[in-house]
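Trainee: I would like to learn how to read a protein model, one feature at a time. Could you walk me through this one?

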Amino acid sequence: MSTQRKDDHVRLAMEQHDTRSGINQFDEVSFVHHALAGIDRPQVSLATTFAGISWQVPLYINAMTGGTTKTGVINRGLAIAARETGVPIASGSVHAYLKDPTCADTFRVLRQENPHGFVMANVNATASVADTQRALDLLEADALQIHVNTAQETAMPEGDRSFGSWVSQIEKITAAVDVPVIVKEVGNGLSRETILTLRQLGVRVADVGGRGGTDFARIENGRRPLGDYAFLHDWGQSTAACLLDAQGAGLPVLASGGVRHPLDAARALALGASGVGASGVFLRTLLDGGPEALIAQITNWLDQLAALQTMLGARAPADLASNDLIIHGTLRSFCADRGIDTGLLARRSRSADVLHDSTGRTR
């Protein structure tokens, strides 16, 4: 992997971010407003617990980059912001380090600047168990992310064309490491069927990584001379669709992909996510204003998320999953085709039984 490609990813991701329409399927999720549901702000906690993992806040900086001098500077800024705000952080793919250990410091800075924070190391699904352990050791990581990205690899000129070993390799890695394993998509979403497979493999958490944020298939196609994989642009399911599809699948889920502001984070938590990751919006802030600006943004997001929980009567992020939701538009059509009863979501505050049905026995 060339170092130029890493820097190209940052540049192309920001070009996408700056030109995106700003509309995605989170806009098709709305809360039913109950005027007397509010609680007092001191009653609200942002802490979240899932799969044996406890975070003080339900927001995290998701995987971005590393491997070059420029991306090492970015990682340093991200780590400082994570340290100062208490949010967990994931590295970019450590594959670059596994191929060229001389770039170790561009990843290691995530731990050096954030010695007591929750740090996730990120590898691809073809990494060997030995290389995975090297990635964990490099970052003294608290958890492992394995990213899956068939659409990106397909559009990538030098990408993999063999995906058949991924399931068995994920199972091997999961059995071998002593930290929780999170499998994440890079922006095309995890279907219910995929999440059920991950559960069988022993994976602890699924990060649905849905459509709506950075489109890596589009980025890779932009690196092709003819741009002949344009038909893969916007491939997959949105993050909101993935969360609806994952209801009752029996595996904790994280939400990333297209999260634009605290209301999207609240929507994702209400759709069942245990935590919400963002990357592109944070990267833009960091590049424009440095770590101080990113610290201010994350601090504001957390404050606004607590304010939303107060208004919605949710003492903890998990309580948002009891709030009534209306699903609109194309997302409603997706639910109809996938057998998801949106009526239950709209009435789930009425009784615990209804909530159970909406997240368990009934789709």
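Trainee: Where is Thr 174 found, and which residues does Thr 174 touch?

Mentor: Helices (H or I, at least four residues) and strands (E, at least two) are DSSP runs, numbered from the N terminus. Thr 174 belongs to helix H7, residues 166-176. Contact means heavy atoms within 4.5 Å. Not counting residues up to four places away in sequence, Thr 174 touches Val 181, Leu 201, Gly 202 and Val 203. This is a predicted model, in which local features need pLDDT of at least 70 and side-chain atom pairs count only at pLDDT 80 or more, while totals for chains, interfaces and linings use all residues. Residues are numbered from 1 along each chain as its sequence is written, and side-chain values use heavy atoms, with hydrogens and water left out.

Trainee: Is Thr 174 buried or exposed?

Mentor: Buried means under 20% relative accessible area, exposed over 50%, and partly exposed in between (1.4 Å probe, protein chains only). Thr 174 has 13% relative accessibility, so it counts as buried.

Trainee: How much confidence does the predictor have in the chain?

Mentor: Look at pLDDT, the predictor's confidence in each residue, from 0 to 100. The chain averages 94, and 96% of the residues score at least 70. Over residues 352-362, however, the pLDDT is below 50; this stretch has 16 contacts in the model beyond near neighbours in sequence.

Trainee: Which residues of helix H5 are buried, and where do they lie on the helix?

Mentor: In H5 (residues 129-139), the buried residues are Thr 132, Ala 135, Leu 136, Leu 138 and Leu 139. Seen down the helix axis, they fall within an arc of 160 degrees (taken from the directions from the axis to the C-beta atoms), so they line one face of H5. The face turned away from the buried side carries the exposed residues Ala 130 and Asp 137. Among the partners that the buried residues of H5 pack against are strand E5 (89-93), helix H3 (95-99) and H7.

Trainee: How many residues of helix H11 are buried?

Mentor: In H11 (residues 262-270), 8 of the 9 residues are buried, so the helix is largely enclosed by the rest of the structure. Asp 264 and Arg 267 are among those buried residues. They pack against several elements, including helix H10 (239-245) and helix H12 (280-312). Just after H11, Gly 272 takes a positive phi of about 115 degrees.

Trainee: What is Ala 81 in contact with, and how far apart are Ala 81 and Pro 291?

Mentor: Ala 81, in helix H2 (residues 69-85), is buried with a relative accessible area of 0%. Leaving aside neighbours within four places in sequence, Ala 81 is in contact with Leu 294, Ile 295 and Ile 298. Ala 81 and Pro 291 are 210 residues apart in sequence and 5.8 Å apart in space, C-alpha to C-alpha.
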